[in-house]
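Good morning, colleagues. Please look at the structure on the screen while I describe some of its aromatic and nonpolar side chains.

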Amino acid sequence: LHALRVPLPMVPIHAWDYTRVGTDLKGVLRNTLRASLYRTYLNYNEDSRNIVGAAEMKTALMQDVVEASQCYTHAVELLRVLIRLLIVISVTLGKNPRAWWILLLM
């Protein structure tokens with residue numbers, strides 16, 4: 001049981017990394033957002049489409065969607081790093097509970 005304290009928390013991290021390599025999250029999200037935005041635009045009535053304008057729609061489809069997908073993937077990456085940090089902290093404190101002050105210095 002004691003021997004599993006270090007490798008066992010690494011299983012979810014490895015699974016997450018393995019899944020991330022095979023998935024183009026940014027590309028999938030970008031295409032989904034573009035399709036959703038364009039579908040919503042096509043559901044507008046004629047007056048609403050005239051208010052929005054083709055140039056604004058092109059900017060939204062080509063630039064804003066890319067920025068939104070990048071922000072989302074950065075948030076997912078931040079979450080991944082925080083989870084790794086929590087796992088490292090828990091393993092460290094599990095092996096040596098007196099090391100809390102070193103973790104505070106980090």
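I begin with a definition: a residue is called buried under 20% relative accessible area, exposed over 50%, and partly exposed in between, with a 1.4 Å probe and protein chains only. This is a predicted model, in which local features need pLDDT of at least 70 and side-chain atom pairs count only at pLDDT 80 or more, while totals for chains, interfaces and linings use all residues. Residues are numbered from 1 along each chain as its sequence is written, and side-chain values use heavy atoms, with hydrogens and water left out.

Let us turn to the tyrosines. Tyr-41 counts as buried because its relative accessibility is 13%. Tyr-44, at 34%, is therefore partly exposed. Rings of Phe, Tyr and Trp (its six-membered ring) pair if their centres lie within 6.5 Å; planes under 30 degrees apart are stacked, over 60 edge-to-face, and the rest tilted. This rule gives two aromatic pairs. One of them joins Tyr-41 and Tyr-44 edge-to-face, with 5.9 Å from centre to centre and 65° between the planes. Together with Tyr-38, Tyr-41 and Tyr-44 make up one aromatic cluster.

Next, the surface. Which helix gives the most to the nonpolar patch? The answer is α5, with five residues. Helices (H or I, at least four residues) and strands (E, at least two) are DSSP runs, numbered from the N terminus. Both α4 (54–95) and α5 (100–105) supply at least two residues of the patch. Leu-78 lies in helix α4, and Leu-78 counts as exposed because its relative accessibility is 54%.
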